[in-house]
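This briefing is for a reader who is new to the structure shown below. Please keep the sequence and the 3D view at hand while reading.

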Amino acid sequence: MWESKVDIFQVQELRCRTTLYLGVGAIDKMRDIVVDIKNRGIDKVVVVSSRSAYIKCGAWKTIEPALVDNGVEYVLFNKVTPNPDDTTVDEAVALAREFGAQAVIGVGGGSPIDAAKSVAILLEYPEKTCKDLYTYAFAPEKAAPVVAVNTTHGTGTEVDRFAVVSIPDLGFKPAIAYDCIYPLYAIDDPALMCGLPKNQTLYVSIDAINHVTEAATSKVATPYTIMLAKETIRLVARYLPQAVAHPGDLVARYYLLYASAIAGIAFDNGMLHFTHALEHPLSGVKPELAHGLGLSMLLPSVVETIYASQSEVLADIFEPIVGSFKGEPGEAREVARAVERWLFEIGVTSKLEDEGYTEGDVPRLTELALETPSLGLLLSLAPIEADAKVISNIYRQSLRPLNV
């Protein structure tokens, strides 16, 4: 295939709404980025990350000297956890405001970068809180500049306008989407991802699969999002087993990272619907649940539920995973089972019951899916009517394997 003809050590500039540097060694572009933000009059930044990943992945040994050598002062906030909450973001904002930060550098996967985007907005709105932002008490039109140094290959947040933060006291895990939080620059360096544990490697790649499944089948899907979906799934199907078997394989990491980025662009255009809208309540009430795992448990049932309305598209984009199907509505259960078999074969075998959810949780999860701010918009874009009965049925079917 043509992938072997690409020099993965040549750092390429991909222009979308964000200037993205992709390739092995892309982290070295931090020096150019820091020079640029310095020339924009920025001499103080806040770095937002998790507790230690920014060091373990190797990014910090380049980022810190780039800042110091160019006279850009920084303050570090490294308390972001998976599924970050509003109090964590408010704490980061308080630190950044006290320091006088003029820009935000997010280092990590989806959680740190989403937190960084949230901080960037709130720096421009000193009277607002993170809860205000994620309950839609206001609609921001500006944010401090964001630089995203990505360390996982799944979320696509480094190239899109989305961010997600939980509000535990309400049980909400809403999403926001504003043009002002497109990162100014982003770095996708496969070398930063060779240390990802097996489960995280799987979960983040499944996130990318879900992004394009939804973006290709939503009410606002286009030929562009379907094309990106087909390529994303092809690349993940080919390179995910390779990355799991050989974590240091830079070629596998490169193409999973590229797949993640184009999946982010796909859902930035085609939006999301069922799997993300229904997963957010899962990890909203159980923050310890990995986002990609939640998505994987829902995906087969979602495929079966929407297949009749999107059979031609789903048969086409999922061909690398499920094999050849005709794209006829009657194939729904067979295709959904094939998707589930693929998930099980790559090592993701959990269903909702395995993670502690029961039939008794379904009404509350359904309620949260319908009531959480922003999720109603996603559900309105589903290719079939997303009423309480349909949502409840997806949750119930996802409690245990379809093949049982």
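The points below cover the cores, the largest pocket, selected residues and the cysteines.

The model is predicted: local features need pLDDT of at least 70, side-chain atom pairs count only at pLDDT 80 or more, and totals for chains, interfaces and linings use all residues. Residues are numbered from 1 along each chain as its sequence is written, and side-chain values use heavy atoms, with hydrogens and water left out.

**Nonpolar cores**

- A nonpolar core is a set of buried Ala, Val, Leu, Ile, Met, Phe, Trp, Tyr and Cys residues joined through side-chain atoms within 4.5 Å; buried means under 20% relative accessible area, exposed over 50% and partly exposed in between (1.4 Å probe, protein chains only).
- The largest nonpolar core has 88 residues, of which F274, L278, L282, I317, F318, I321 and Y395 touch the most other members.
- Another core, of 36 residues, lies apart from it and includes V104, Y125, A144 and V146.
- In soluble globular proteins, nonpolar side chains tend to be buried together.
- Contact means heavy atoms within 4.5 Å, and residues up to four places away in sequence are not counted for I321, which touches I209, I233, A237, V339 and W342.

**Helix α16**

- Helices (H or I, at least four residues) and strands (E, at least two) are DSSP runs, numbered from the N terminus.
- Helix α16 spans residues 388-397, and its buried residues are V390, I391, S392, I394, Y395 and Q397.
- These buried residues pack against α10, α11, α13 (332-345), α14 (362-371) and α15 (375-380).

**The largest pocket**

- On a 1 Å grid over the protein atoms alone, a pocket is an open set of points where a 1.4 Å probe fits, with protein on both sides within 12 Å along at least five of seven lines; lining residues have an atom within 4 Å of a point.
- The largest pocket has a volume of about 1,000 Å³, a volume being the space filled by probe spheres set on the points, which are joined across faces, edges and corners.
- Its lining has 48 residues, and those closest to the pocket centre are G109, G110, S111, T152 and Q200.
- Elements that each supply at least two lining residues include α2 (53-56), α5 (110-123) and β7 (162-164).
- Helix α7 gives the most to this lining, with 5 residues.
- H211 lies in helix α7 and is buried, at a relative accessible area of 3%.

**N150 in strand β6**

- N150 is in strand β6 (residues 146-150) and is buried, with a relative accessible area of 0%.
- A polar contact is a pair of N or O atoms within 3.5 Å; within protein, one must be able to donate a hydrogen and the other to accept it, and residues adjacent in sequence count only if both atoms are side-chain atoms.
- The N150 side chain makes a polar contact of 3.4 Å with that of E158 and one of 2.9 Å with that of D188.

**Cysteines**

- A disulfide is a pair of cysteine sulfur atoms within 2.5 Å, and the count here is 0 disulfides.
- C16 is in no disulfide, as the nearest cysteine sulfur, that of C180, is 16 Å away; C16 is partly exposed, with a relative accessible area of 32%.
- The sulfur of C57 is too far for a bond, because the closest cysteine sulfur, in C194, is 11 Å away.
- C57 is buried, with a relative accessible area of 18%.
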